[in-house]
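Trainee: I should like to learn how to read a protein model step by step. May we go through one together?

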Amino acid sequence: MPTAQSGFFEWVFFFIKTYGGMFLQGAGITLLISLTGTVVGFVIGLGVGYVRAMPCDREDGLARYWLLKIARTILGVYIEVFRSTPMIVQAMVIFYGMASVFHINLPHLLAGFVIVSINTGAYLSEIVRGGIQSVDPGQQEAALAIGMTYGQSMLNVVLPQAIRNILPALGNEFVVNIKDTSVLNVISVTELFFISKSAAGTYFKYFEVFFITSCVYFVMTFSITRLLRWLEKKMDGPENYAIHGSQTVPDVELITKGGEKNG
């Protein structure tokens with residue numbers, strides 16, 4: 001163990017050697033919570049965004065009109081509450097509120113999943129709604145014109161394009177969740193920040209420990225960001241597309257999307 005006179009790097013190597021496995025375990029739990037929270041939050045956001053994007057007309061029937069109106073009001077309150085309060089406060093209210101009001105003692109890790117998922121769902125619901133509205137309305141009108149129902153047109157025509165449009169925002173939310181899971185240490189979820197705080201408090205070496213922690217967070221977020229950008233490029237396809245077949249313009253054959261021509 002280094003002494004009080006030991007340098008910065010001696011303490012860093014000591015913490016890596018002593019707590020390296022715990023740092024990795026904490027990073028794994030951080031990734032697990034953020035990934036699960038993003039996936040579940042996306043499902044929540046997809047459902048909420050779908051409902052909020054549905055047309056609400058009296059001509060469709062008073063029962064449907066008022067049911068949709070009430071549902072949209074409730075979902076609107078959910079979105080505003082969770083977007084207007086910090087996740088750390090939500091964690092305290094949900095975890096301790098469930099125990100004191102409903103006498104439900106959630107396991108710490110399960111509480112973390114629930115909190116991140118609900119919080120993410122509130123943000124992604126507006127992103128999904130914006131993605132749906134970004135799709136050309138003429139495409140849905142064409143789907144309805146060929147006999148599709150509203151649900152079929154949304155499922156088969158609008159939502160696939162909307163999801164593709166919001167993919168960068170979805171990836172960004174995943175990266176944000178990796179960092180924001182650190183607030184779950186207030187309910188004793190043993191993620192990376194909780195492990196780091198425990199190690200730093202044992203030896204009162206906060207700078208050295210959180211230097212290591214910042215490096216771990218950077219590696220995780222940087223790697224995920226690059227992976228998501230690679231996936232986006234793969235989904236976009238190549239920049240130039242060859243036209244296969246025998247279709248030609250007289251004396252000129254179109255070769256690429258960029259307008260390159262060969263006679």
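Predicted model: local features only at pLDDT ≥ 70, side-chain atom pairs only at ≥ 80, totals over all residues.

Trainee: Which pattern does the chain follow along the sequence?
Mentor: Helices (H or I, at least four residues) and strands (E, at least two) are DSSP runs, numbered from the N terminus. The chain has eight helices and two strands. Read along the sequence, the pattern is α-α-α-α-α-α-α-α-β-β.

Trainee: What percentage of the residues of the chain count as buried?
Mentor: Buried means under 20% relative accessible area, exposed means over 50%, and partly exposed lies in between (1.4 Å probe, protein chains only). Of the 263 residues of the chain, the share that counts as buried is 36%.

Trainee: What share of the contacts with a separation of 6 or more comes from residues 24 or more positions apart?
Mentor: A contact means heavy atoms within 4.5 Å. Among the contacts in the chain with a separation of 6 or more, residues 24 or more positions apart account for 69%.

Trainee: Is Ile33 buried or exposed?
Mentor: Ile33 lies in helix α1, which covers residues 8–53. Not counting residues up to four places away in sequence, Ile33 touches Leu109, Gly112, Phe113, Val116, Thr181, Leu184 and Val189. Because its relative accessibility is 0%, Ile33 counts as buried.

Trainee: How many Å apart in space are Ile33 and Val116?
Mentor: Val116 is one of the residues that Ile33 touches. The two are 83 residues apart in sequence, yet their C-alpha to C-alpha distance is 7.5 Å.

Trainee: Is His103 buried or exposed?
Mentor: His103 is found in the loop between α3 (87–101) and α4 (108–134). Its phi is near 55 degrees, a positive value in a residue other than glycine. Because its relative accessibility is 65%, His103 counts as exposed.

Trainee: Phi of Ser188 has a positive value; near how many degrees is it?
Mentor: The place of Ser188 is in the loop between α6 (150–180) and α7 (192–203). At 35% relative accessibility, Ser188 counts as partly exposed. Ser188 is a residue other than glycine, and its phi is near 65 degrees.

Trainee: How far apart are the end C-alpha atoms of helix α8?
Mentor: The expected span of a helix is 1.5 Å times one less than its number of residues. Helix α8 (residues 206–236) has 31 residues and should span 45 Å. In agreement with this, its end C-alpha atoms are apart by 44 Å.

Trainee: What covers the buried residues of α8?
Mentor: In α8, the buried residues are Glu208, Val209, Ile212, Thr213, Tyr217, Met220, Thr221 and Ile224. An α-helix has 3.6 residues a turn, so residues three or four places apart point the same way. The cover over the buried residues of α8 includes α1, α6 and α7.

Trainee: What separation do the C-alpha atoms of Arg229 and Pro168 have?
Mentor: Arg229 is found in helix α8. At 46% relative accessibility, Arg229 counts as partly exposed. Arg229 and Pro168 are 61 residues apart along the chain, and their C-alpha atoms are separated by 8.1 Å.

Trainee: α1 and α4 pack at what angle?
Mentor: Axes are lines fitted to C-alpha atoms, for helices over the stretch in contact, and angles run from 0 to 180 degrees between N-to-C directions. The axes of α1 and α4 are 5 Å apart, and the angle is about 40 degrees.

Trainee: Which word describes how α4 and α6 lie to each other?
Mentor: Angles under 35 degrees count as roughly parallel, over 145 as roughly antiparallel, 65 to 115 as roughly perpendicular and the rest as oblique. The axes of α4 and α6 come within 8 Å and cross at roughly 135 degrees. The relation of α4 and α6 is therefore oblique.

How values were computed
Residues numbered from 1 in each chain as written. Heavy atoms only, no water.
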